[in-house]
Amino acid sequence: MATNQQKQNALDALNVNPMFHMSLASKELFHSNFLYWLWKLDASMFLTLLDKLSERKDYFFNMIDTIEVKREYQHFDLCVRKKGTNEVLLVIENKVKSIPYVEQLNEYTGKLDGECKKVLLTLMQNFPDKENVEKDKWIITDYNLLATRIKECFSSITGPKKIFIDHYLEFIKQLNGLVKEWLDDYKNRKLVLLNEDIHNAAYELRLHDLYGKLCFSRVAALLKQELVKAGVDMDDISVSSSYSDQMPLFDVTIRNVIDTKTEFI
């Protein structure tokens, strides 16, 4: 478990990283935009990166002249599709400021046909719903591994562009490590609610929403576990966490089985 000084060191390192501050305006879109920039920088290197992330060998690399990369296409963060068609071959879902939930992932899966590869890129490797995600449909990876793969695929880039890439790699590894420390801290101390000291430190870097969601995702997970233990039918109940009015919270949504158009929150 990391010490308070180690956590502060991680926060300080983020604070001096220009990429981190540029990401704060739109945390998840920023990462989609950076990946898209890598595509424009060198398509062959980028497609090699996609082959590594999607656990395929030379699949996308060999399709360089027949595919295109899109941001926010059909509400997917980043996707690859065949040129001139609506056929989606790969989807990358970024989860930086939010926690993955199986209901949302299943909804995305329902929109995609055929052999589309789906990659969940998340800061939380051990999110509450992870065991319920269909592993044959989603490849779950974290930003630390993304940094490793980008470094491998774009190693020949030099000059100012390399400086941008290096700052980004440093940023996502630091952020991934910080979230892992928060998770380890919670696991080892068996905490549920917010730790005020950590929250205040995160607030200084505008990461308090991420920390709050992380904490309350545990509350939601514990509540879901208790409902299942009590024998509650979960088909009509959704338990999740979110953030509103500068405060973390968890939601329980119950579908009215009589009037299916109505939900109680």
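The second largest pocket of this predicted model is lined by 14 residues, and Pro-128, Asp-129, Glu-131, Asn-132 and Lys-224 lie nearest its centre. A pocket is an open set of points on a 1 Å grid over the protein atoms alone, with protein on both sides within 12 Å along at least five of seven lines; a cavity is a set where a 1.4 Å probe fits but cannot get out, and lining residues have an atom within 4 Å of a point. Local features need pLDDT of at least 70 and side-chain atom pairs 80 or more, whereas totals for chains, interfaces and linings use all residues. Residues are numbered from 1 along each chain, and side-chain values use heavy atoms, without hydrogens and water.

**Second largest pocket**
- Its space amounts to about 320 Å³, a volume being the space filled by probe spheres set on grid points joined across faces, edges and corners.
- Helix 5 (102–111), helix 9 (208–229) and strand 6 (237–244) each supply at least two lining residues; helices (H or I, at least four residues) and strands (E, at least two) are DSSP runs numbered from the N terminus.
- Helix 9 gives the most, with four residues.
- Seven lining residues are nonpolar (Ala, Val, Leu, Ile, Met, Phe, Trp, Tyr, Cys, Pro), four are charged (Asp, Glu, Lys, Arg) and three are polar (the others, Gly among them).

**Cavities**
- Two cavities of 30 Å³ or more are counted.
- The largest cavity has a volume of about 70 Å³, and its lining includes Phe-20, His-31, Phe-171 and Asp-209.
- For the second largest cavity, the volume is about 30 Å³, and helix 9 provides the largest share of the lining, four residues.
- Pro-128, Asp-129 and Lys-224 are among the residues lining the second largest cavity.
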